[in-house]
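Please read the points below alongside the model. They cover helix packing and then the sheet.

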Amino acid sequence: MNDTADIHDMTLQKKPSPQDEARFKALVAEGDRARLSLRVADAVIAYADALRIREDPLVSGRLGMCIAMANAPELDFRAAHELYRAVSNAAGVNDAERTLFWETYKRLRRRVCRVDVTANNIDALIYKGDNRRATRGSFFWTFVNQGIHKWRATLDGHADIEKTVECLGSEDVFVRFDFVPLSPPPPPPPTSKETTKTVIVRESAPPAPARAAPSVQEPAQPSGGRLAFGIGPVMVFGAAPSPSLGVSAMAQYRRSGYSVLGMAKGAWSLGGVENLPVDVFSASAFAGPCVQWRWLDGCALAGATLFERRVDPNLDYRADTVRQAIPAFGLGMGATYAINTALSARIFADATALTRDMVIDVASDTGAMVTVWQTQRFLFSLSASLVFGR
């Protein structure tokens, strides 16, 4: 079967001669007998030969049905085209055959695409794929199977144009070829020996007067950096057996989505240690870079934590005060809510890891040291603060 027969244009066919009309009817009858006998291949050949003599919607519908019955997916585009002709003309000897044409067309239409091809010159030759037979005209359409299809258009005196379209099934695709008019050839050089000179006269605009510099110096543009300070309460976990409550202060310099944060906080334990009158105080100082994202920021921190433990005088243990500073590293995340242009509310949570343990021990009157608590090398804190400046 010729794969160019699916091109649909508005070309009018000549009326066949009486001999051709008789042969047309014989081929249709032969195709009907083969179709009813389920000889699909013979029916396709007979119907296709008949349509070469003249078009007939009923024959097109029966040809499309036979192609669909052949179970050849590569010919879906041809079957859909023939059934489209039948459906468009309400072909069919009865309602059952018309319904069969329509249902089969709907099923095939989901597997093919309609391609509308236009060109801006009626003399253009348009080729589909590797087909050597071109279609001439400025508008036509066709069905194509699923996949990638190449089109090429040629026009005398112009460069060829190639287009590639992809069919996924059931959609309509538009392909347009626009040939750019060629520029006219340059005029021939003068034949006489005299050379013609062209004099161009133009009027130049007077130069615009220079603007006087402003007498008032404009203020310097800000660099874009912003510095903010904050203070508020803090709760520390891990510095003592019980949570610690204190105060924190922070300073942050922001610029272009990045910032540098410095923080200092001090907290006192809210309870004793193993029912002993031992007070634990911790003070931390950290600094590090941060990344801003809207109202959130994440920071990498480095610094040190100072621990101080005190034992009140009592009958069982003597007074003991020890201070110890331990380097620490951690991560923090903050959220800031702007109250106005100069004041914000901020919550900041951080987790830091100590480089060594801090041990709380007490000394008895006999001098023996008794360990009553030891850190797990991780501290967690949550602070809330008011921030001035943005």
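**Notes on helix packing and the sheet**

1. Helix α3 (residues 57-69) and helix α4 (residues 76-88) cross at roughly 150 degrees, and their axes come within 7 Å. Axes are lines fitted to C-alpha atoms, for helices over the stretch in contact, with angles from 0 to 180 degrees between N-to-C directions. Helices (H or I, at least four residues) and strands (E, at least two) are DSSP runs, numbered from the N terminus. α3 and α4 are therefore roughly antiparallel to each other (angles over 145 degrees).

2. This is a predicted model, in which local features need pLDDT of at least 70, side-chain atom pairs count only at pLDDT 80 or more, and totals for chains, interfaces and linings use all residues. Residues are numbered from 1 along each chain as its sequence is written, and side-chain values use heavy atoms, leaving out hydrogens and water.

3. Helix α1 (residues 18-36) packs against helix α2 (residues 40-53) at an angle of about 160 degrees, with the axes 8 Å apart. α1 and α2 are therefore also roughly antiparallel to each other.

4. Four strands form an open sheet in the order β3-β2-β5-β6, with antiparallel pairing (two strands pair if DSSP finds at least two bridges between them). β3 (135-136) and β6 (161-167) are at the edges, each with a single partner strand, so one side of each lacks a neighbour in the sheet.

5. Within the sheet, β2 (residues 125-128) and β5 (residues 147-154) pair in the antiparallel sense over four bridges. Lys 128 stands opposite Trp 151 in β5.

Technical notes:
Angles under 35 degrees count as roughly parallel, over 145 as roughly antiparallel, 65 to 115 as roughly perpendicular and the rest as oblique.
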